Amino acid sequence: MTQDNAKPLINKNKNTPVMQQFLRIKAEHPDGLLFYRMGDFYEMFFEDAERAAKLLDITLTHRGSSNGVPIKMCGIPYHAAEQYLARLVKLGMSVAICEQIGDPATSKGPVERRVMRIVTPGTITDSALLEEKKDNLLLALHQRNGRLGLAWMNLASGQFFVSETAVDNLFAELERLQPSEILLAEGSSLQVNAACKQLPVWHFELDTARRALCQQFATLDLAGFGCNDYSTGLEAAGALLGYAKLTQGQTISHIRSLQVYRADHFVRMDAATRRNLEITQTLRGEAAPTLLSLLDTCATNMGSRQLASWLHHPLTDRAVLRARHDAVDKLVDAYPEVQTHLKPCVDVERITARIALKSARPRDLSGLRDTLLSLPQLYATLSACDSPLVVALTDALQADATLTTLLVKSLRAEPSSVLREGGVIADGFDADLDELRGIQTNCGDFLLALEAREKARTGISTLKVEYNRVHGFYIEVSSAQSVNVPDDYRRRQTLKNAERYITPELKAFEDKALSANDRALSREKLLYNQLLDSLEPFIPQLQRIAGAISELDVLACFSERAAALNFSAPRFSDDTQISIRQGRHPVVEAQVDRFTPNDTELSDARRMLLITGPNMGGKSTYMRQVAIIALLAHVGCFVPAQQAVLGEIDQIFTRIGSSDDLASGRSTFMVEMTEAANILHNATAKSLVLVDEIGRGTSTFDGLALAYAIACHLIEKNRSYTLFATHYFELTRLAEEFSQLANVHLSAIEHQHSIVFLHSVNEGAASQSYGLQVAALAGVPAQVIRTARKQLRTLENNSAAQNPQGDLFAAIPDIPEPHPLLAALGEIQPDELSPREALDKLYQLKKMI
């Protein structure tokens, strides 16, 4: 519905009261779709109906008219709304949920309706809409004075962060966070790659943000959170908090603190590095095989999400890392039992959020109850572990007895899945509810007794007392016996062979029984809402328990993976070194029958390894495995190596593979150079840098010159730990110029024009690139290979004379004067000489020698 045609539609003389109400509410929520509750359906009208019909593949119809134009409409059953919402959210849509809050029986005009919540990609908390093993983040961005303020919230867990960085780091932050929805100020020039919502600029005012945040946390100021210096980030946080409250239609009490994200607390990785290492997603955009898919044997969804977060946030704090390594080591014997106890645990983290938002379902609470009851068994299993970290986490599992008792007493053992069906509150919890249920429970006994009395009173042995939803309670008598019914029988329904009656006694019981059901459901709803209110004070405790379960789950997972995959504990050193013995790439190893381990030695005297060898020889795998070993060590996991000793690492950079960025107008070579520039500007002496075949996307001379200059810069200026793979064999001469550079190569053996890759790393440079042999393995036709081999020999023989590619690093030689003998030979014209003259010339040349 556009702004132009909205005004004539809101015309009281030409629209029904219901349509006027819809248009008024729609005008308040112009973005996204409006689910307008009408009875048992959510209806959509006008342009909303057209969009929804296409997106959800449902029927578009017409009803009535507005200003003489048929009203387009479509609808979905309210009880099936979740499946449709899930599809819309995945498409990046937002949906305002408008419910009936008035009583149709007492409403003189349209039933009162109000938008109760707004479902957006970044603010969903319903289990049916969320991915179980992936965090759902809402991110706000604000740019001011060259700084980028970030604030992000996980509404389903209660986490809230603020940070600031340079604007150039935007894409690295987006790759790290992978938000579901992004908030920007109107007119922002920031380019993002997720569902985006623009808010008025005043939402990002600093004073407004400070007041809103202080009100949320019930504090006088924000000094206690350590974020006073993050003014641009606080502006983003204020806008984010306001948006989150608006979408939920209520306070968000489980958001209890604001944490400052400081980049120097983590081993930093740019967007290219996260993609190239395939941490949680392959280069093709798939979920497996990745590092996460290999490692994730967590027993709970909370643990799986924690693991993914740890992999994207490797720590620099060695005390924390050593505590995790110690816990992994101490859990090696206990992890099977720990995982057995964790497996039945429900998603305490997300259920806690739904309790705070008053959207928790009965089976959320019964699952929470059962989980809390099982924690003492887990506590007993962990009590034998003497790891300080495990001891602290075990203590954090303690639940207040009052909380557990409340859930046990209030809920049935197996409550209904939805509250509207009843059967949620336990018997004996509330006397009024028990009385109303008693009326329903005793209904059968009353009907049997009434039937027996009426048979005796009337003498009609075939008389039956029954009930159905349409006509309620009735006494059924055959048509032949209808003449024998007493005078107080009142006919309710006539059938072909029977008559149905009601008596004053049965009518009185019907009124009581049917109203008892409605009153029981109403009472149960009231008690359930009171239960949710009673659970609110326990939210911090439940958040603590959820955090302990998820962290214990990840540590147990690390122990299991260490045992199953033969990982070993890494060691940290204060020396400048990366020393790996028999290192492996765990993901590749899981995909092949036999993997060849390799060593890596980097130190202050050996800063760069220049890696040569054939394509398919394993250069990229070798480089990536070094980065993955470093990454795993810094998340607290054991590593795929016989031994690993790591010096301090502050960043990991990769320049691997080739891809263009057509959307931004950048060629493959431009992307390659942009990534290289980022490395050269930001890598430090503590950074790990992987560079694979730099300079391939341009001419040979340009590429070789750039590769040479970049390698020199990394050695002389950045002085990073560097693995530099190349097919430019001229670069191997750099070892003569720089003592910090060592040549290594991947071995291969040629046999009858074919090649066997050994995948082992050896000292020294490779002898050749085996390009034609690799092409043959790829299935290039034999005739093409023969032609290429012939052309290669021609090029090798003639390149010096016809198209020289000299030694790039050799000094330009002095060109000597030609020898007189050569000059004399050049002057001779053999076809013009007589035999005598030719003989004389020959003697002259002889003398010149």
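**Figure 1. Helices α18 and α19 pack at an angle of about 175°.** Helix α18 covers residues 443–458 and helix α19 covers residues 504–535, and their axes are 12 Å apart. Axes are lines fitted to C-alpha atoms, for helices over the stretch in contact, and angles run from 0 to 180 degrees between N-to-C directions. The angle therefore makes α18 roughly antiparallel to α19; angles under 35 degrees count as roughly parallel, over 145 as roughly antiparallel, 65 to 115 as roughly perpendicular and the rest as oblique. On α18 the contact (heavy atoms within 4.5 Å) is made by C443, F446, L447, L450 and R453, and on α19 by E505, L506 and F509. By class, this contact has 6 nonpolar, no polar and 2 charged residues. Ala, Val, Leu, Ile, Met, Phe, Trp, Tyr, Cys and Pro count as nonpolar, Asp, Glu, Lys and Arg as charged, and the others, Gly among them, as polar. The model is predicted: local features need pLDDT of at least 70, side-chain atom pairs count only at pLDDT 80 or more, and totals for chains, interfaces and linings use all residues. Residues are numbered from 1 along each chain as its sequence is written, and side-chain values use heavy atoms, with hydrogens and water left out.

**Figure 2. Six strands form an open sheet with mixed pairing.** The strand order is β3-β4-β2-β1-β5-β6. Helices (H or I, at least four residues) and strands (E, at least two) are DSSP runs, numbered from the N terminus. Two strands pair if DSSP finds at least two bridges between them. At the edges are β3 (61–66) and β6 (113–119), each of which pairs on one side only. From one strand to the next, the twist averages 35°. Strand β4 (residues 69–77) pairs with β3 in the antiparallel sense over 5 bridges. The bridge partner of R63 in β4 is I71. Helix α2 (residues 17–28) lies across β1 (33–38), β2 (41–45), β4, β5 (95–100) and β6, and runs at about 145° to β1.

**Figure 3. T404 is found in helix α16.** This helix covers residues 401–410. T404 is buried, with a relative accessible area of 13%; buried means under 20% relative accessible area, exposed over 50%, partly exposed in between (1.4 Å probe, protein chains only). Not counting residues up to four places away in sequence, T404 touches L372, L373 and A399.

**Figure 4. The loop between α8 and α9 holds P289 and E278.** Helix α8 covers 271–276 and helix α9 covers 291–295. The peptide bond from A288 to P289 is cis, with omega near 0°. For E278, phi is near 50°, a positive value in a residue other than glycine. E278 is partly exposed, with a relative accessible area of 23%.

**Figure 5. H759 has a phi near 60°.** This is a positive value in a residue other than glycine. H759 lies in strand β27 (residues 754–763). Its relative accessibility is 34%, and H759 counts as partly exposed.

**Figure 6. The chain has 29 helices and 27 strands.** Along the principal axes, its C-alpha atoms fill a box of roughly 160 × 75 × 65 Å. The radius of gyration is 38 Å, whereas a compact globule of 849 residues would have one near 29 Å. The radius is taken over C-alpha atoms, and the globule rule is 2.2 Å times the number of residues to the power 0.38. Of the 849 residues, 48% count as buried.
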